[in-house]
Amino acid sequence: MAPGSACPLPPTPPPSRVLCCCTRWSSGHQEGEPSGQRGPAGPHTSAQRCQYCTLVLFQKTPEIYSVELNGTKDIDKTDKGDGKEKYRGLKNKPSNCKKNHQIQEIKEELDLNDHKLSNEDLEKKYGTNIITGLSSARAAELLARDGPNALSPPKETPETVKFLKQMVGGFSILLWIGAILCWVAYGIQYSNDPSSSLDNVYLGAVLVLVVILTGTFAYYQEAKSTNIIASFSKMIPQQALVIRDAEKKTIPSEQLVVGDIVEIKGGDQIPADIRLLSSQGCKVDNSSLTGESEPQVRSCDFTHDNPLETKNMCFYSTTCLEGVATGMVINTGDSTIIGQIASLASGVGDEKTPIAIEIEHFVHIVAGVSVSIGIIFFIITVSMKYPVLDSIIFLIGVIVANVPEGLLATVTVTLSLTAKRMAKKNCLVKNLEAVETLGSTSIICSDKTGTLTQNRMTVAHLWFDNQIFMADTSEDHSNQIFDQSSGTWTSLSKIITLCNRAEFKPGQENVPIMKKTVIGDASETALLKFSEVILGDVMEIRKRNRKVAEIPFNSTNKFQLSIHETDDPNDKRFLMVMKGAPERILEKCSTIMINGQEQPLDESRATFHTAYMELGGLGERVLGFCHLYLPADEFPETYSFDVDTMNFPTSNLCFVGLLSMIDPPRSTVPNAVTRCRSAGIKVIMVTGDHPITAKAIARNAGIISANSETVEDIAKCLNIAVEQVNKWDAKAAVVTGMELKDMSPEQLDELLANHSEIVFARTSPQQKLIIVEGCQRLGAVVAVTGDGVNDSPALKKADIGIAMGIAGSDAAKNAADMVLLDDNFASIVTGVEEGRLIFDNLKKTMAYTLTKNMAMVFPFMLYTIVGFPLPIATVTTLFIDLGTDIIPFIALAYEKAERDIMNRKPRHKKDRLVNKPLVLYSLLHVGVIVTLGAFVVYFTVYAQAGFRPSTLIGLRVKWEKDDVNDLEDSYGQEWTRYQRQYLEWTGYTAFFIAIMVQQIANLIIRKTRRNSIFQQGLFSNKVIWVGIASQIIIALILSYGLGSVTALNCTMLRVQYWFVALPYAILIWVYDEVRKLFIRLYPGGWWDKNMYY
Amino acid sequence: MRQQLRSRRAPTFPHGYRYRLDDQDEVNQNYLADEEEEAEEEARVMRVPNLEEEEKEEEQKEEEEGQGQPTGNTWWQKLQLMNEYLWDPEQRMSLARTGLILVIYFFFYASLAAVITVCMYTLFLTISAYMPTFTERVKPAGVMIRPFAHSLNFNFNVSEPDTWQHYVISLNGFLQGYNDSLQEEMNVDCPPGQYFIQDGNEDEDKKACQFKRSFLKNCSGLEDPTFGYSTGQPCILLKMNRIVGFRPELGDPVKVSCKVQRGDENDIRSIHYYPESASFDLRYYPYYGKLTHVNYTSPLVAMHFTDVVKNQAVPVQCQLKGKGIINDVINDHFVGRVIFTLNIET
């Protein structure tokens, strides 16, 4: 039985009908209150939210929990109670102790009581004058004392340290040891025999050169990608209008000092923490500080003990939306509240990225293998009575042969290529290694506003003629299909158009309507655009219906009213239009318009309430609309309306309709969420919004899927109390911040583990940190999106923090590993896909690299133990590692995915980049074939020159004696030392080319891990062929171009030797195809488990 | 309604367990150890939709174990892991698996060995046992001198036999193969001044021309057993490196000529060459390789430095001269020439 089938829900095409009913939503009208009503609704919610953050910041002062009560009903009471509970809950949390301690310290520094002081006390305290401001001299003094008014950037590792890290990181330390051993060996040789060859010095120098080159390269790559960010985050310097020496001056806000008197106006960023001295209609957007998106009124009255909530304080980095204000700077730079939160973020530890862990693992494997082989080798050679010095040289050879010198630098290149690709898709990756992290992400904690939603109010539903109509909420609004023929709609549209103060900014004639900038608040903007789309030129309509009087929205009235002349020249009546909180509007009405006809309201009251509840239950903000034609005899054309005395009727109006608005999900989001889910990623929504809104959006966005239910849904469905429902029967859960506060970490873990679809509503941004920690306790790799300053600790804490490029604050961007340039959740999915792809492709690269190790270590073994002339020199192995293999490494990064990588589960932490099957298959299967192929070429070259393999055994000692110039070969011919040397170099070249030829096959087979190459398409990745061409060209250049340069130990090789290893290359290909065939034939079988890497 | 809700998941448990039990029975009876796991895996996959919770529990358990394990880097835990790998008491199949792996690797390497054997065999098929495929690496011919004692500096004091005795021993030893009796017994006396070409099959044994010790006259050690070292007139033998099929061009024998390499030309006032022609007679060429040309003895030219400045180091360069002879390769000081120093003290 499928879960959910016991409680059949009506088939639900539009998510609006998912809820059976909404009895619990007694205070639903809160969300339905008119947008303009910033007073009660705004501050209330913000107060509530501030609580959470201030709870953390200011827990010593429990009185801050007293919430501004303004008659907005029961929720406030619960809030108040909750405050105390929260406090208790927090105290009980041992995990928070440390953080609290940190915050405690901050608190002690932050003894803000400036908001309580009178202006005179303030003047005294800061030695300033409210009228004349500071003197320039005093300001300069203070500037010197306090430093500039800017957040100190996060502590950067000095460039030299970064550079040195590259120099000793990874394999470099091994190579340094090798180089030093080389020189030590030469030193010993030199002390014995001053004429000894300089080979070891050269080798040491080459190794150092390799380290420095690859280190510099990796450093350069890192620096380049960091620079992108640096340029990105560089801001236009902010200006501030300040009164100094009794003059108004515009100075860079960095130069502000404590005690400065600044003036701010709508649109400005608040340049520092400011205590307001005077204000006119000032509203600020505190979202970056508190996560609260509602604009908040600011005045110069001290209204609350808590500095974050009192109205006479403005904080650094928040924005003034409208109005003007004058204030005194009381904190600058890092001592501002924002500065302190930002510094809190840097306190949260940076954790290693999964890919860094994997690469470290790989380095450990390779280093471990090479050092242990080297040491075993050393012991063998010493016990074979080789001089210790020679043994050391062999040891170096083994280490160098084992270490893929070029790999780490190319991994950086690969990552930065992916980063570039992602940047094109609007994911800017700050930390290169974070490229892959998204791929292994198993939980995404996403913001709602802006990320999942379009971040603008949009008309979603209309109710008139006793019917609910749906409006198109897609990004362009193009498809409005509701019935527009009714007379009621004509009236409603008129009210929408006229009772609206929002206007388009001039000069945007060619901009699509939905993209035009509007002056006005969110709801009015929504209405303006809605009417512009449907009716055409709204401004023209407004011009025709001249406005004669207007009462703007205010919190006591809860309505907005305007009186217009009509555009009908025969109709001399005035039209009064009104919009506002639906109940308030309904109270004022006595009639209702149905199908264009006015009817008494009585019967329709019930349908009104049903509709209102339903729309409210969708988490939408509902507005009521009504109008009244003022009788022409009472109100002649010359009548003078006085809005203060209200010399016109405001009751017995005609109710026209309801209209509800929501911030709709972006159209790409549902699909993206589905993709995440099929990719095994849990998407958790964390929002400060009301649970109902949150849930509605979650349903629309697919975060709560259509057929899953929350405990409340089940309870409602079965008509039982919520407590009676078995919690685990519900797939989905909506958890509020208050509930979260009461949970123990264990309960949170349980919640996170047992519900696949979770929405956290009414959470403070600080609680995000708790959620992230909970997810990480479950072993998940967590991605967190955020934009506010207060998100930055969570962003830092997350395995990958994703900041919003447009809405994000600088602190958030600093703390994040990735920046979404378009703030779009769908971009994260792209990131996930790229991350998974890069992991797969790095796996292929690692396999490709490891394969040749066998072929490079074996020669040393046979050289020392069997006594063959050296098949390949240490320097020649570097040609492979740093020459022919480099571009193929990068080419593999361009490989397309074999299967839909978005259909599999996120990588488990135990699923290593370099796992056992990979190592075994690369070394013991393909590696062995490569070795054999290379040795066949080696034997061919020697045998054809006169040294048959049987002669070669044990030949090493004589072969390398400089004074033996008549060494006999298998035919009795005699060789001088140099002739032998030259033959040896030919052998190196042949061996090198044999490996190269087989690496071509190796490269081709690494294109896929499961599919046949022919399924994948041999030519599907053109870069692979560039890689192959590069291999051949580099080999050609080394052999024929530079064949005469003795130091390189390369010679011109006979053409036929290039083809000797070809059968082995083909064998590799065939063998790998067979392997893949068996893997495909018997998935999950023994072969699959042991041979699939 | 609520009961219905509760029962939604309940019946699936027994069903799931039954499934597994059945499966195991079957497995125990019919399947090989290796396939058991596969079957179980399948069963698990099939249970998934019904037993999510159980699955989760399992996962959690796994995770708990997982948390315990990776931290265990201690030897003891590694040993335990190793032990488990060898013999897993729960699955009772690790040894079987190890065995299977060994078998697979055995076959894999056996077939690789077969492949390489075939390759090497074809390689030998294409290579003649008598004639090297390419001789360009060993050409042009190198030159070596005797006596040779790991050094090309001849430092000795005439009056102290200990300082030159080892040269004499070395020369004597070297010339044992050139003893007249031995040469006459083994080799043929072929006509001088022309190549000693022996046609016939590659694999036929070839005859070698005599090069008798007595050809070296004063440097043969027959008359003067100290090869002139006791009188400060040392003999040094020069031989050309053997190269299969090498023939001096156009019938001109290769000559040897020595002179002071650097410094006063008059430091060496006279050198006697034996044979007197100071050349390698054509009859010693071509060389047919050691497999068939068993008794071939390289021709020699002896240089008798009868009058060399004493008590100072004299660098001597002996070069081969003749058509097509290269004696000025920069990197190789032993091709067509040899450089050594004489420092004869009295």
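## Cysteine links and a charged patch

A disulfide joins B:C219 to B:C235, with the two sulfurs 1.8 Å apart. Keep in mind as you look around that this is a predicted model. Over all chains, the count of disulfides comes to three.

**The B:C219–B:C235 link**

- B:C219 sits in the loop between helix 8 and strand 3 of chain B, while B:C235 is in strand 3 of that chain, so the pair ties together parts 16 residues apart in sequence.
- The link of B:C219 and B:C235 is left-handed, with -75 degrees about the S-S bond.
- Buried or exposed, what are B:C219 and B:C235? Both B:C219 and B:C235 are buried.

**The B:C190–B:C209 link**

- B:C190 and B:C209 form another disulfide, and their sulfur atoms are 1.5 Å apart.
- Both B:C190 and B:C209 lie in the loop between helix 8 and strand 3 of chain B, so this pair ties together parts that are 19 residues apart in sequence.
- B:C190 counts as buried because its relative accessible area is 4%, under the 20% cut-off.
- B:C209 is buried too, with a relative accessible area of 3%.

**The B:C258–B:C318 link**

- B:C258 and B:C318 are joined by a disulfide, S to S 1.9 Å.
- The torsion about the S-S bond of B:C258 and B:C318 is about 110 degrees, so this disulfide is right-handed.
- B:C258 lies in strand 4 (residues 254–260) and B:C318 in strand 8 (residues 313–321) of chain B, so the pair ties together parts 60 residues apart in sequence.
- B:C258 is buried at a relative accessible area of 10%, and B:C318 is buried at 1%.

**How the pairs line up**

- If you number the bonded cysteines of chain B in sequence order, the pairing reads 1-2, 3-4, 5-6.

**Cysteines without a partner**

- A:C654 is in no disulfide, and the nearest cysteine sulfur, that of A:C589, is 6.9 Å away.
- A:C654 counts as buried, at 1% relative accessibility.
- A:C775 is in no disulfide either: the nearest cysteine sulfur belongs to A:C445 and is 4.4 Å away, whereas a disulfide needs the sulfur atoms within 2.5 Å.
- A:C775 is buried, with a relative accessible area of 0%.

**A negative patch on the surface**

- B:E202, B:D203, B:E204 and B:D205 gather in a patch of negative charge on the surface.
- Where is B:D205 found? B:D205 is in the loop between helix 8 (180–186) and strand 3 (235–240) of chain B.
- B:D205 is exposed, with a relative accessible area of 60%.

Terms used: Residues are numbered from 1 along each chain as its sequence is written. Chains are lettered from A and ligands numbered from 1 in the order in which they are written. This is a predicted model: local features need pLDDT of at least 70, side-chain atom pairs count only at pLDDT 80 or more; totals for chains, interfaces and linings use all residues. Side-chain values use heavy atoms; hydrogens and water are left out. Patches are made of residues with over 30% relative accessible area and no salt bridge: like charges are joined within 9 Å, nonpolar side chains (Val, Leu, Ile, Met, Phe, Trp, Tyr) within 5 Å. Accessible areas come from the Shrake-Rupley method with a 1.4 Å probe; for residues, only the protein chains shown count as cover. A salt bridge is a side-chain nitrogen of Lys or Arg within 4 Å of a carboxyl oxygen of Asp or Glu. Lys and Arg count as positive and Asp and Glu as negative; His and the chain ends are not counted. The place of a charge is taken as NZ of Lys, CZ of Arg, CG of Asp or CD of Glu. Helices (H or I, at least four residues) and strands (E, at least two) are DSSP runs, numbered from the N terminus. Buried means under 20% relative accessible area, exposed over 50%, partly exposed in between (1.4 Å probe, protein chains only).
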